[in-house]
Amino acid sequence: MKKLIIIAQLLTSTVYCKAQQDLAFPFQGGGPIMTRFFKDSLLVSPDIIEKKATGMAVFKFTADVSGNISKIVIYYADDYLLTLPVIEALKKSTKKWIIPNKEKFHDFIIPVSINFNKPTTGVAEVQKAAYAFYKARKPIVAKDQIPLNAATLLPTVVVQYDIK
């Protein structure tokens, strides 16, 4: 009788147990499509090219059930100049985000790296300009506590641009 009760309890408890769900990638089409979208949509401004700007920017944004983006927050950026094209690309990605079931809003964290391709000639001039940008940059750093809650960290988007 005890064995029967234990077996019955185990069977009923399995009804309440669920395996961990595999979430779909939160961008329509998956990770490679997201990377290609940002490489195509993120337009490096002439000001960035002129100053030979390179660096990293980390953003948090919120997507709703429809995939609309709101609350874009800069957690870190090597310079304000690097954030402008990323914000524009994020705005273009509206309606492409997929959030987990049973949520009305979901936070995502996306790191973006912007660098220039190494030139074949004039390396010394490029190094001098890049160092000048590095010395003059003004990083944006979050001073307060960063609430991550249930945010999803996305893969780093790497953007390379050619120097003219």
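## S113 in strand 3

S113 has a relative accessible area of 13% and is therefore buried (buried means under 20% relative accessible area, exposed over 50%, partly exposed in between, with a 1.4 Å probe and protein chains only). S113 is part of strand 3; helices (H or I, at least four residues) and strands (E, at least two) are DSSP runs, numbered from the N terminus. Leaving aside residues up to four places away in sequence, S113 touches G55, M56, T156, V157, V158 and V159, where contact means heavy atoms within 4.5 Å.

## Basis of the values

The model is predicted: local features need pLDDT of at least 70, side-chain atom pairs count only at pLDDT 80 or more, and totals for chains, interfaces and linings use all residues. Residues are numbered from 1 along each chain as its sequence is written, and side-chain values use heavy atoms, with hydrogens and water left out.

## Chain overview

The protein chain contains 5 helices and 6 strands. Read from the N terminus, the order of elements is α-α-α-β-β-α-β-α-β-β-β. Of the 164 residues in the protein chain, 35% are buried.

Taking contacts between residues at least 6 apart in sequence, 82% join residues at least 24 apart. The protein chain has an accessible surface of about 11000 Å², and carbon and sulfur atoms account for 59% of that surface. Accessible areas come from the Shrake-Rupley method with a 1.4 Å probe; for residues, only the protein chains shown count as cover.

## Aromatic pairs

Rings of Phe, Tyr and Trp (its six-membered ring) pair if their centres lie within 6.5 Å; planes under 30 degrees apart count as stacked, over 60 as edge-to-face and the rest as tilted. By this rule there are 9 aromatic pairs. F37 and F38 form an edge-to-face pair, because their ring centres are 5.3 Å apart and their planes stand at 85°. F37 counts as buried at 16% relative accessibility, and F38 counts as buried at 1%.

F116 and Y161 also make an edge-to-face pair, with 6.2 Å from centre to centre and 65° between the planes. This pair links distant parts of the chain: F116 belongs to strand 3 (residues 105-116) and Y161 to strand 6 (residues 157-161), 45 residues apart. Both F116 and Y161 are buried. A cluster joined by ring pairs is made up of F27, F37, F38, F61, W97 and F108.

## Helix 5

Helix 5 (residues 123-136) has 14 residues and spans 20 Å from its first C-alpha to its last, close to the 20 Å expected at 1.5 Å a residue; the expected span is 1.5 Å times one less than the number of residues. Its buried residues are V126, A130 and F133. These residues lie on the same side of helix 5, because they cover an arc of only 55° around the axis, the arc being that of the directions from the helix axis to the C-beta atoms. An α-helix has 3.6 residues a turn, so residues three or four places apart point the same way.

The cover over the buried residues of helix 5 includes helix 3 (46-51), helix 4 (80-92) and strand 3. On the face turned away from the buried side, helix 5 carries the exposed residues A124, E125, Q127, K128, Y131 and K135.

## A loop contact at A150

A150 sits in the loop between strand 4 (140-141) and strand 5 (152-153). Not counting residues up to four places away in sequence, A150 touches H106 and D107. The C-alpha atoms of A150 and D107 are 6.9 Å apart in space, while the two residues are 43 apart in sequence.
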